[in-house]
Number of protein chains: 2
Amino acid sequence: MSLEKDINQTKFRTEHQKVIINIIYTYNWMNERLKSFFEKEDITQQQFNILRILRGAVTPISTSQIRERMLDKMSDTSRIVDRLITKSLVKKIICSGDKRMVDVTITPKGRKLLEKLDAFELTMDAVAGALTEADAKNVNKLLDKMRLSS
Amino acid sequence: MSLEKDINQTKFRTEHQKVIINIIYTYNWMNERLKSFFEKEDITQQQFNILRILRGAVTPISTSQIRERMLDKMSDTSRIVDRLITKSLVKKIICSGDKRMVDVTITPKGRKLLEKLDAFELTMDAVAGALTEADAKNVNKLLDKMRLSS
DNA sequence: TAATATCAGATGTTAAAACATACTTTAAGT
DNA sequence: ACTTAAAGTATGTTTTAACATCTGATATTA
């Protein structure tokens, strides 16, 4: 269904305004479809994001390094890490070099959970499945360009 | 800056996965930039969205009609409307035809606020300003296509 | 018309995010 | 070394979102 019909707006003032509205709308549309994947394992998107960051890190990383790499840089990273600790999916120890920081690592249990979720990745990709390979490249190129402004 | 560098991920498994990540990331990037516009008038994006829906409506509309037209369909629409009522930006009365529903309308004060914010619209567009007109059309076409899948 | 189902909205509760502040450790400046 | 500033994280508080339940109004069906 078209954006115009979905939100009952007959026309947009400019194409640029429509881009803004379109991204908000598409983000929500996508979220709706991704939600069920995470609910299955009783995990939130932010928690999943952090787990993946930790798996991708070659060494233990600190809370602020995690935040830098997050898709949405939240103020609340340390408490999300704590929630993952409660679930035994990650662990943290005080950094020996700098006692202000903590070394956060993913646990074997956390890795197992991610491996389980990896199985869904193909299904996740299907959320963007209406696009051809060339389309996808194009979207990525254009969104990257958009963010170049600063 | 490229998405890869921003989130410290060297490569994406597929272009389609990157689309998903890119939309999440761009949405947050954009939000960060839009936030200040709304903070100026002490209003949230959802509240702004509802005000615009009400201004665009030719007749009073109900809470559920508002929800249908929102960019993110939230369960909590009736309480957001109430917050707008507290600010005297909208008003609601029980619908005479069907007493289950309410007729929500924007107040003159709400219109004034929107007019004030209209002045920022051009600045808002600048968030997507790195794109040419053709780029913008392309993004819109591709995002619309992506959502066609269901 | 009586009984039941459905719809619209309000409200209560719980979980998460946003914002501010405090605490501890390190770095910088004198 | 002492003072001050800054970094990194933890914690308290307030606001908002998410989910479930409840109430009253209309629609449906027997």
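With 12 C-beta neighbours inside 10 Å, Ser88(A) counts as exposed. The model is predicted. Ser88(A) sits in the loop that links α5 (77-86) to β1 (90-94) of chain A. Its phi is near 60°, a positive value in a residue other than glycine. Ser88(B) is placed in the loop between α5 and β1 of chain B. Phi of Ser88(B) is near 60°, again positive in a residue other than glycine. Ser88(B) has 12 other C-beta atoms within 10 Å, and is therefore exposed.

The fold of chain A was considered next. Chain A contains eight helices and two strands. Along the sequence these elements run α-α-α-α-α-β-β-α-α-α. The C-alpha atoms occupy a box of roughly 60 × 35 × 30 Å along the principal axes. The radius of gyration of chain A is 19 Å, whereas a compact globule of 150 residues would have one near 15 Å. Of the 150 residues in chain A, 29% are buried. Contacts between residues at least 6 apart in sequence were also sorted by separation. In chain A, 43% of them join residues at least 24 apart.

The two protein chains are related by symmetry. A rotation of 180°, with 0.0 Å of shift along its axis, superposes chain A on chain B with an RMSD of 0.1 Å. That is the relation of a two-fold axis. The interface fits this picture. Of the interface residues of chain A, 98% are also interface residues in chain B, so the copies meet through the same surface.

The contact draws 49 residues from chain A and 49 residues from chain B. On the side of chain A that touches chain B, the elements giving two or more residues are α2 (15-40), α7 (121-125) and α8 (133-147) of chain A. The most comes from α2(A), with 16 residues. By class, this side of chain A holds 23 nonpolar, 14 polar and 12 charged residues.

Helix α8(A) was examined in more detail. Its end C-alpha atoms are 22 Å apart. At 1.5 Å a residue, the 15 residues of α8(A) should span 21 Å, which agrees. The buried residues of α8(A) are Ala136(A), Val139(A), Asn140(A), Leu142(A), Leu143(A), Met146(A) and Arg147(A). An α-helix has 3.6 residues a turn, so residues three or four places apart point the same way. The buried residues of α8(A) pack across the chain boundary, against α2 (15-40) and α8 (133-147) of chain B.

DNA strand D is surrounded by 17 residues. The closest are Ser62(A), Thr63(A), Ser64(A), Ser78(A) and Lys99(B). Here α4 (63-69) and α5 of chain A are the elements that give two or more residues to the nearby surface. The residues of the surface near DNA strand D divide by class into four nonpolar, seven polar and six charged.

Finally, one strand residue of chain B was examined. Lys91(B) lies in strand β1 (residues 90-94) of chain B. Is Lys91(B) buried or partly exposed? Its count is 17 C-beta neighbours inside 10 Å. A residue is buried at 20 or more and exposed at 12 or fewer, so a count in between makes it partly exposed. Lys91(B) therefore counts as partly exposed. Leaving out residues up to four places away in sequence, Lys91(B) touches Ile85(B), Thr105(B) and Thr107(B). Thr26(B) is 65 residues from Lys91(B) along the chain, and the C-alpha atoms of the two are separated by 35 Å.

Definitions and conventions:
Residues numbered from 1 in each chain as written. Chains lettered and ligands numbered in written order. Predicted model: local features only at pLDDT ≥ 70, side-chain atom pairs only at ≥ 80, totals over all residues. Helix = DSSP H or I, 4+ residues; strand = E, 2+ residues; numbered from the N terminus. Rg over C-alpha atoms; globule rule 2.2 N^0.38 Å. Contact = placed C-beta atoms within 7 Å. Nonpolar A, V, L, I, M, F, W, Y, C, P; charged D, E, K, R; others polar. Expected span 1.5 Å × (residues − 1). Least-squares fit on C-alpha atoms with pLDDT ≥ 70 in both. Near = placed C-beta within 6 Å.
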